[in-house]
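Dear colleague,

I am handing over the structure we spoke about, with a short account of what was found in it. Please read the notes below with the structure open beside them.

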Amino acid sequence: ALLLPAVKSARGLARTAICMSNQRQIYMGLHDYAVDQNEDVVPSYIFPGGHTWPWFAKEYLPGADLDP
């Protein structure tokens, strides 16, 4: 019972680290997209056909589950 708070704290820190890593990977992927597109950023609106930013950036975010 005494270890439970420590385990919860460690679990929370691990989730924070994973989240920060995921955010960094998304940032790096979007940055790479912009570099390849002559500094154009990923579009933030919905194109005809329903394409949004994940569709444009998917090749720059390998392994990411970006399906809505």
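In helix H1, the residues Gly 29, Tyr 33 and Ala 34 are buried, and the buried residues of this helix pack against helix H2, which covers residues 53-57. Please bear in mind that this is a predicted model. Helix H1 itself runs over residues 4-36, and its 33 residues reach 48 Å from the first C-alpha to the last, which is close to the 48 Å expected at 1.5 Å a residue. After H1 comes Asn 38, a residue whose phi is positive, near 55°.

One of the buried residues of H1, Tyr 33, leads on to the aromatic rings, of which the structure holds one pair. The ring centres of Tyr 33 and Tyr 60 lie 5.6 Å apart and their planes stand at 85°, over the 60 degrees that the edge-to-face class requires, so the pair is edge-to-face. This pair links distant parts of the chain, since Tyr 33 belongs to helix H1 while Tyr 60 sits in the segment after H2, 27 residues apart. Both tyrosines, Tyr 33 and Tyr 60, are buried.

Which residues make up the largest nonpolar core? It consists of five residues in all, namely Tyr 33, Val 42, Ala 57, Tyr 60 and Leu 61. Within this group, Val 42 touches Tyr 33 and Ala 57, and it also touches Leu 30, Trp 53 and Phe 56, when residues up to four places away in sequence are not counted. In soluble globular proteins, nonpolar side chains tend to be buried together.

With best wishes

Conventions
Residues numbered from 1 in each chain as written. Predicted model: local features only at pLDDT ≥ 70, side-chain atom pairs only at ≥ 80, totals over all residues. Heavy atoms only, no water. Helix = DSSP H or I, 4+ residues; strand = E, 2+ residues; numbered from the N terminus. Expected span 1.5 Å × (residues − 1). Buried < 20%, exposed > 50% of the residue type's maximum accessible area, 1.4 Å probe, protein only. Contact = heavy atoms within 4.5 Å. Phe/Tyr/Trp six-rings, centres within 6.5 Å; stacked < 30°, edge-to-face > 60°. Core = buried A, V, L, I, M, F, W, Y, C linked by side-chain atoms within 4.5 Å.
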